Amino acid sequence: MENLVQQIMSMNDAKTLFILCGIFIFTDILTGYLKAFKTKKVNSSISRDGYIKKISWMIALILGFGIDFFLNASLFLIGSALVCIATEGISVYENLGELGVHLPFTKYFEKIREDI
């Protein structure tokens, strides 16, 4: 996990970060719909709230890119991308678990959830 964070922090290419975040966002949407269909809890208001969250991530990434562009830095986009990838990755992981895919780090995420 630390290696992934270091690799993302070393990326300075905005296009790569946008694509990476897009992949995580799309995967979360896909696994969320699969989970909703499996549990027979398809709900348009939950879906709408999810899309608002996804659009908000894109706004945060664009804002981070804009700040970095004008300050000639590479901190805000990378920070936004890290949070986006972590949040969406955990969501995908949880969705896969509820779909019956047993992944090796389930106990770790359950411990974090209990602590929170």
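Where is Val-42 found? Val-42 sits in the loop between α2 and α3; helices here are DSSP runs of H or I with at least four residues, numbered from the N terminus. This is a predicted model, in which local features need pLDDT of at least 70 and side-chain atom pairs count only at pLDDT 80 or more, while totals for chains, interfaces and linings use all residues. Residues are numbered from 1 along each chain as its sequence is written, and side-chain values use heavy atoms, leaving out hydrogens and water.

**Helix α3**
- α3 has 28 residues and reaches 40 Å from its first C-alpha to its last, close to the 40 Å expected at 1.5 Å a residue.
- Its buried residues (under 20% relative accessible area, 1.4 Å probe, protein chains only) are Ser-47, Lys-54, Trp-57, Leu-61, Gly-64, Gly-66 and Asp-68.
- Just after α3, Asn-72 takes a positive phi of about 55°.

**Aromatic pairs**
- The structure holds four aromatic pairs, meaning rings of Phe, Tyr or Trp (its six-membered ring) with centres within 6.5 Å; planes under 30 degrees apart count as stacked, over 60 as edge-to-face and the rest as tilted.
- Phe-18 and Phe-65 pair edge-to-face, at 6.3 Å centre to centre and 65° between the planes.
- Phe-18 lies in helix α2 and Phe-65 in helix α3, so this pair ties together parts 47 residues apart in sequence.
- Phe-65 and Phe-69 are stacked, because their ring centres are 6.2 Å apart and their planes are at 25°.
- Phe-65 and Phe-69 are four residues apart in helix α3, about one helical turn.
- Ring pairs link Phe-18, Phe-65, Phe-69 and Phe-70 into a cluster.

Technical notes. Helices (H or I, at least four residues) and strands (E, at least two) are DSSP runs, numbered from the N terminus. The expected span of a helix is 1.5 Å times one less than its number of residues. Buried means under 20% relative accessible area, exposed over 50%, partly exposed in between (1.4 Å probe, protein chains only).
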